[in-house]
Amino acid sequence: MNRFSIVRLPTLEAAAARVAGGDGRVLRAGGIDLIDHMKEGLVAPDELVELHAVGGDEGRLLRGVETEGDGSLRVGALVTLAQLADASTLPAGLRALGQAAGQAATPGIRNAATVGGNLLQRPRCWYYRHVDLVCLKKGGDMCLAQTGDHRYHAILGGGPSYIVHASSLASALCALDARVQVLSPGNKARELPIEQLFVGPTVDPTREHVLQPGEILLAVHLPAPAAGQRSAYAAVQEKQSQDWPLAEASVRLRIDGGRLRDVRVGLGHVAPVPWRAREAEAVLEGQAPTAELFARAAEAATSPAKPLPGNAYKVPLVQGLLREVLHDAAGVPLPE
Amino acid sequence: MAERKETLNLGLVGQLRKVRVTLPEGEARPWDADATLTVVGTPVPRIDGHLKASGRAKYTFDVALPGMLWAAVLRSPHPAARVVSIDTSAASKRPGVKAVLAVAKPGDVLLFAGQDVAAVAAERPEQARDALAHIAVEYERRPFVVDTVGAVKPKAPLVHRAAVEERRTEGDEPGAAGGGKASGNVRPLPQSARGDAVKGLAQCDVVHEATYVTPVQTHSALETHGLVVRWDGPKAMTVWASTQGIFSVRDEMAEIFGLRAQDVRVITEFMGGGFGAKFGASAPGSRLGFIAGELSRAAKAPVKLMCDRHEEHVCTGNRPDSRQAVKIGAKAGKLHAIDVEAYGTAGVGTGAGVGRNAIGIYTRCPNVRVRAHDVFTHGGPGTAMRAPGHPQGAFAIELAIDELGAKLGVDPLQLRLASDEHPVRLEQFRKGAERFGWAELRTRSAALRQRGARVRRGVGVAASIWGDFGRANAAVATVSVLRDGTIELANGVQDIGGGIVTVLAQIGAEVFGRPLSTVRVRFGDSAHGPSVGSGGSQTTSSVTPAVRNACEKARAALAQLAAKQLRCAVEEVRWGEEGVARGGGGSITFTQLCKKIDGEAIVATATRPETYGHEPMAFPGGKQYQIAGVQFAEVEVDTWTGLVRATRVLAVHDCGRVMNPLTLRSQVNGGVILGTSYALMEERVLDPDLGRMLNANLESYKIAGARDVPEIEVMLTEVHPGANNTGAVGIGEPATIPTAAAIACAVHDALGTAVRSLPITPAKVLAALGKIPGPPAAGDASPASASPKGGTP
């Protein structure tokens, strides 16, 4: 790791201007993925501009979880995963987000890792992270995982890059129909649906999100939970203490007159972007919740899957996981 | 005092008997079952525990000397290449750089990605790493092969053109070594056999045949390999090393630099793990001692060279993989023949055997043959890793026994009881099964299977075998009784983490009848006298008897002094509470007595003689006393996601006399956790097309964390072996041998189908359950298919 300076500026405008004003300057929030990149020799910035130094009202908004007049919830980009995982932070209908935050990484990392950093982090692909290897994501001409060892790679939406998106919050936020607020140069804020934050590899395999240099993610905005809204999240990991998921599933729904309504399903670590399983939603919407229905929905979720030769196991795995999460969200007891 | 005979009460507690043992001259009477000990055998907390927990313990990584430089090593990025040219001139001009060393020369052929090419010493570690980027090396790349199956093929690139020198360390199991002449990349290891396995198999009614696959495991000690070298003159040096063999570091440094061994001092005050990979001044795949010593000489300053995590994975050793074709058969319901043909890779190194499990444990099986082979590949060298070969061998043979049992319709525990004849292990199987609830749990597994439950549970059992390799005359202990009453024990042994220092203090406190707080142990320094490496489960059994002999000699001298003070014959002196001496109607406290010492101290040195006896006398499976162990495991399997959790392990072990139940349990816990990790998640992944390791970190090289650890219960079957004067034998290796095998057997019990490839990941479980869409995997049920190029053959 090379020597670098830490720059603390009190306003977002100043921080954004500083970063835009020269090469080798990057924003730092929790610094989890950034420091990983620096230690692995993938980036060597000269200057880390500290978002934590932003003060005043801006700072409060970045660090706050606030319920707005319409019942919607605004989660600042600097809110930590540990805060989100604290059961008292979120209303019951948004439980999936708290579960996703609580599952990620380790207690130590969750205390430092932020919502913004989690959404904007780079993939964990072992070809991408290997300093000596030049893959598609690093400007090379092919995805090394496609013909290499891709056990942890995409089964949905892959090609020409087969990474999976690393964010655990993202699949939950997709299911919860969140929007993100972004500060653009000139101090202009814009808001976009969470799914539009991410860039698939057919658009640009070298990046995972749409933010332009100088743009700063400010907050995540969650719509007010509908009456009776339930949500659930779960992941399968090879290792239970600190591991990246093999797959994640998040579900939001409510039950009205014995029927499932407003169903949204998000899958994680199965695709280069957080994956909205619309096929599963279609199977579930308006139906009575039963174990058989959930099994059919899980199959539908993976109907577009095109696994690589070495990761076909993720198809039944994410099906099994989604079934378990559907049971949890709908309150239908799991079979023995 | 000449050789003498003593009658001792020996054996497995509950089956003790009186045995006449011949003791060599000067040997203390061994502690047998009748010995009443007050400190040894009690749960004394580690005497250095507070230093470790508070961060005050200083490891090699923490050593900081005035003027010390930091070294970094440029490593080959190619799995096979010839060095065409190497130019270090630009690097030597970089900021802070004080010395540059070309380790490889033009014309050298490099055989794995990670091999030494050049090195730099600089004032700051980041300066050293920066300078590496300015070393210009031209390579001519060569064809390579990194997977075991590929390397066996006739047209595979040849790894070694000349015969390979076997590298053995104190971490290797003593006994059969060497190997036959290599053909292509395949080198046969010594065959072990009894009876006729081929004929035996032909006589069987039921035969099971399958191939069992294990991955390459890396040692991944928390403290990486490394050392600090300081020249103390042209012909002398001091070395601080993260090592499990201080004297092996000393000897290698002396040899490399042409020094006298006694002029090389090696210090290892604390160390952060070794697991078999830290013997000698070199790491198995990197000449660390040479590099640090040369850089230090050139720069005229102390040099520190510590590997980073990436280096630790690629060039400091590993447990070789294995692919074991097992044929196992029964005749009239009894195990009748076992034939194992194994291929494994230790990369460019040797030592891919599969242990003595198949031949040494189920000794009632009359026909056994084990043929193992080293397969050379362009990967970092393997080396001894906690019970070399055994966890691999245990996995294959134990799971094969379970699969045979299923074909026979016989409970696998019963099959084992009928095939084993080690008296201690038979007792462990029986007692363990009762404690574990084996019969009820097997019934529960069957019921869950029958109902097609989503979450299954299963149980398995497996055994370990390991010899008592306690070494004679290797450790020389010194005890000094000082005038202030302090008892100082000195020996150059390093504490790998097992707690030997605490145990030595207990020996001193026991012999002198003094409080532990008055005993001081000097260790971790070659200046404190010869000792053994921490390998082969032999530290306690090699060092404690020497320390006890030294203590007994010093106490005899104290008795002389006491007799003089009490004006009685030395035979009349009796030792009481807190070391008080009584005789001639008077008494003198230990402190008062020590004040009467003529000069600074009473000093005695002693060593440990050859192992002189063993009880039980019959220990099938090996030439030495065979330490017995069995472990029972319980797993939970989610059949929807394929996730396996190890929920419970009962570890039943013999380790001779228990010196300290706390440190012993820690060792067993560590062994079980290592085995659980090996069973469920650890795997080195090399890309076959690139020849590079993909998971050279602790993120995607997965090691069990707190939530992955099963509930561990330790059950000790204490044996008084009469092998040496403290009765200690080893536990380090046995504790990890059966764990992965027992877990694999438990998964078989849960699913009714075996996963024949470690680690048992969700991918492999889902494959075994037939849930993976697409064309079925070729070959056996073990889904190496889950990772098409995962490096498993």
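Which residue stands opposite Glu6(B) in β2(B)? In this predicted model, the residue opposite Glu6(B) is Val21(B). The two strands concerned, β1 (residues 4-12) and β2 (residues 17-23) of chain B, run antiparallel and are joined by seven bridges. Four residues lie between the strands of this hairpin, and Gly14(B) adopts a positive phi near 105 degrees.

Further along chain B, four strands form an open sheet in the order β22-β21-β20-β26, with mixed pairing. Strands β22 (519-522) and β26 (601-606) of chain B each have a single partner strand and stand at the edges, so one side of each lacks a neighbour in the sheet. On average, neighbouring strands of this sheet are turned by 15 degrees against each other, direction ignored. The pairing of β21 (residues 487-490) of chain B with β22(B) is parallel and comprises four bridges. Within this pairing, Leu489(B) has Val521(B) of β22(B) as its bridge partner.

Two helices of chain B are in contact with this sheet. Helix α14 (residues 500-512) of chain B lies across β20 (477-482), β21 and β22 of chain B, and runs at about 140 degrees to β22(B). Helix α15 (residues 539-566) of chain B also packs on the sheet, where it touches β20, β21 and β26 of chain B. The direction of α15(B) makes about 145 degrees with that of β26(B).

The two helices also meet each other. The axes of α14(B) and α15(B) come within 9 Å and cross at roughly 30 degrees. This angle is under 35 degrees, which makes α14(B) roughly parallel to α15(B). The crossing of α14(B) past α15(B) is right-handed. From α14(B), the contact involves Ile500(B), Val503(B), Leu504(B), Ile507(B), Gly508(B), Val511(B) and Phe512(B). The residues that they meet in α15(B) include Thr539(B), Val543(B), Val547(B), Arg548(B), Cys551(B), Glu552(B), Arg555(B) and Leu558(B). By class, eleven nonpolar, four polar and three charged residues make up the contact of α14(B) with α15(B).

The loop between β22 and α15 of chain B contains Phe523(B), a member of one of the nine aromatic pairs counted over all chains. The ring centres of Phe523(B) and Phe270(B) are 6.5 Å apart and the ring planes stand at 85 degrees, so the pair is edge-to-face. Phe270(B) is located in the loop between β14 (264-267) and α7 (288-299) of chain B. The pair thus links distant parts of the chain, 253 residues apart.

A further open sheet in chain B has three strands in the order β23-β24-β25, with antiparallel pairing. Its edge strands, β23 (574-575) and β25 (586-588) of chain B, each pair on one side only. Strand β24 (residues 581-583) of chain B runs antiparallel to β25(B), to which three bridges join it. Ala581(B) stands opposite Ile588(B) in β25(B).

In chain A, the axes of helix α5 (residues 95-103) and helix α9 (residues 168-175) come within 8 Å and cross at roughly 175 degrees. This angle is over 145 degrees, which makes α5(A) roughly antiparallel to α9(A). The contact brings Ala96(A), Leu97(A), Ala100(A), Ala101(A) and Gln103(A) of α5(A) together with Ser168(A), Leu169(A), Ala172(A) and Leu173(A) of α9(A). By class, the contact of α5(A) with α9(A) has seven nonpolar and two polar residues, and no charged residues.

How values were computed
Residues numbered from 1 in each chain as written. Chains lettered and ligands numbered in written order. Predicted model: local features only at pLDDT ≥ 70, side-chain atom pairs only at ≥ 80, totals over all residues. Heavy atoms only, no water. Axes fitted to C-alpha atoms, helices over the stretch in contact; angles between N-to-C directions. Parallel < 35°, antiparallel > 145°, perpendicular 65-115°, else oblique. Contact = heavy atoms within 4.5 Å. Nonpolar A, V, L, I, M, F, W, Y, C, P; charged D, E, K, R; others polar. Pairing = 2+ DSSP bridges. Left-handed = near helix turned anticlockwise from the far one by under 90°. Phe/Tyr/Trp six-rings, centres within 6.5 Å; stacked < 30°, edge-to-face > 60°.
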